[in-house]
Structure formats: structure tokens, C-alpha cells
Amino acid sequence: MSTSHALAHPSALPVARPSLRAGARPTLTDRFLAFDAEHPYIYRALERLTAEWLAAGATRVGLKALFEDLRWQLPAGVRGLNNDFTALYARKLIADHPHWASAFELRRRRTP
């Protein structure tokens with residue numbers, strides 16, 4: 001399992017840096033990076049679920065479906081599994097597992 005996040009397209013993954021504007025509200029990327037750092041088991045669970053789906057013969061994987069599956073599996077006290085993070089988790093999964101790229105449909109990012 002690779003942990004490298006180097007991609008051919010630099011805007012594909014969030015960069016670990018805070019917003020540049022003083023007093024600015026955290027961007028989606030800021031919130032994702034904070035959540036991912038605080039809850040690394042979420043990413044590991046998404047990796048596991050994706051691998052299971054693909055091993056079972058699926059050719060496409062929907063991150064929102066995986067999120068719903070995780071919501072049933074996680075302890076009740078876990079909060080913040082925000083659907084806004086699905087695209088960023090998909091990009092992170094593809095960065096770590098490039099052979100999974102065809103399983104996810106990505107759209108161009110409009111916000112940081």
C-alpha cells in the first residue's frame with residue numbers, strides 16, 4: 001500500500017497548507033485534511049471497502065455508497081463523516097492505488 005501522493009496533475013489532491021487569507025474560514029481542503037489527520041482509520045476503511053468491492057467483481061465504486069456503509073459500521077460517537085469529503089477521498093485512493101482510477105468517476109474541482 002503506497003502512501004505517496006504524487007500525481008501527474010498537481011491539483012488532483014489537496015495540499016497540506018492552510019488558507020492564505022488571515023481570518024478566512026477553512027476551505028473544504030483545509031477541513032478534509034484536518035478530518036483525515038484526526039481519523040486515519042476512515043481512509044483505511046475506505047481502502048478496505050474499495051478492495052472488497054473490486055475483488056467481488058465491481059468495475060465501478062461510488063464513494064457515497066461506501067460512506068453510507070461506513071456510517072453503519074462506525075461507532076455512534078464518530079462525527080464529521082461529511083459527504084463533501086467523498087471526492088477528496090476518491091482522489092486520495094487513486095493517488096495511492098493508481099490501478100483503481102477507472103473504478104472512480106471524478107469531476108473537475110471548482111473549490112479549494
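Contact is taken here to mean heavy atoms within 4.5 Å. In the predicted model, L63, K64 and F67 of helix 3 are in contact in this sense with T86, Y89, A90 and L93 of helix 4. The axes of these two helices come within 9 Å and cross at roughly 105 degrees, and helix 3 and helix 4 are therefore roughly perpendicular to each other.

The protein as a whole has 4 helices and 0 strands, so that, read from the N terminus on, its elements follow the order α-α-α-α. Of its 112 residues, 36% count as buried, and the accessible surface comes to about 7300 Å², with 57% of that area belonging to carbon and sulfur atoms. When contacts between residues at least 6 apart in sequence are considered, 58% of them join residues at least 24 apart.

Two packed helices are described by the angle between their axes and the distance between the axes. For helix 1 and helix 2, the axes come within 4 Å and cross at roughly 85 degrees, which makes helix 1 roughly perpendicular to helix 2. On the side of helix 1 this contact is made by F35, D36, A37 and E38, and on the side of helix 2 by P40, I42 and Y43.

Helix 2 itself has 16 residues and reaches 23 Å from its first C-alpha to its last, a span close to the 22 Å expected at 1.5 Å a residue. The residues I42, Y43, A45, L46, E47, L49 and T50 of this helix are buried, and the buried residues of helix 2 pack against helix 1, helix 3 and helix 4. Helix 2 is followed by G57, for which phi is positive, near 105 degrees.

The loop between helix 2 and helix 3 contains V61, a residue that is buried, with a relative accessible area of 7%, a value that falls under the 20% limit for burial. With residues up to four places away in sequence not counted, V61 touches T50, W53, L54, L66, A103 and F104. The C-alpha atoms of V61 and A51, which lie 10 residues apart along the chain, are separated by 9.8 Å.

Helix 4, spanning residues 86-96, has 10 of its 11 residues buried, and it is therefore largely enclosed by the rest of the structure. The buried positions are T86, L88, Y89, A90, R91, K92, L93, I94, A95 and D96. The surroundings of these residues are supplied by helix 1 (28-38), helix 2 (40-55) and helix 3 (63-73), against which the buried residues of helix 4 pack.

The largest nonpolar core has 24 residues, and those with the most contacts inside this core are I42, L46, L63, L70, Y89 and F104. The elements that give two or more residues to the core are helix 1, helix 2, helix 3 and helix 4. For L70, one of the residues with the most contacts inside the core, the partners found when neighbours within four places in sequence are left aside are I42, A45, L46, L49 and L81. Among these partners of L70, I42 and L46 likewise belong to the residues with the most contacts inside the core, while I42, A45, L46 and L49 are buried in helix 2.

The segment after helix 4 includes A101. In contrast to the buried V61, A101 is partly exposed, with a relative accessible area of 33%, a value lying between the 20% and 50% limits that separate buried from exposed residues.

Definitions and conventions. Residues are numbered from 1 along each chain as its sequence is written. This is a predicted model: local features need pLDDT of at least 70, side-chain atom pairs count only at pLDDT 80 or more; totals for chains, interfaces and linings use all residues. Side-chain values use heavy atoms; hydrogens and water are left out. Buried means under 20% relative accessible area, exposed over 50%, partly exposed in between (1.4 Å probe, protein chains only). A nonpolar core is a set of buried Ala, Val, Leu, Ile, Met, Phe, Trp, Tyr and Cys residues joined through side-chain atoms within 4.5 Å. The expected span of a helix is 1.5 Å times one less than its number of residues. Accessible areas come from the Shrake-Rupley method with a 1.4 Å probe; for residues, only the protein chains shown count as cover. Axes are lines fitted to C-alpha atoms, for helices over the stretch in contact, and angles run from 0 to 180 degrees between N-to-C directions. Angles under 35 degrees count as roughly parallel, over 145 as roughly antiparallel, 65 to 115 as roughly perpendicular and the rest as oblique.
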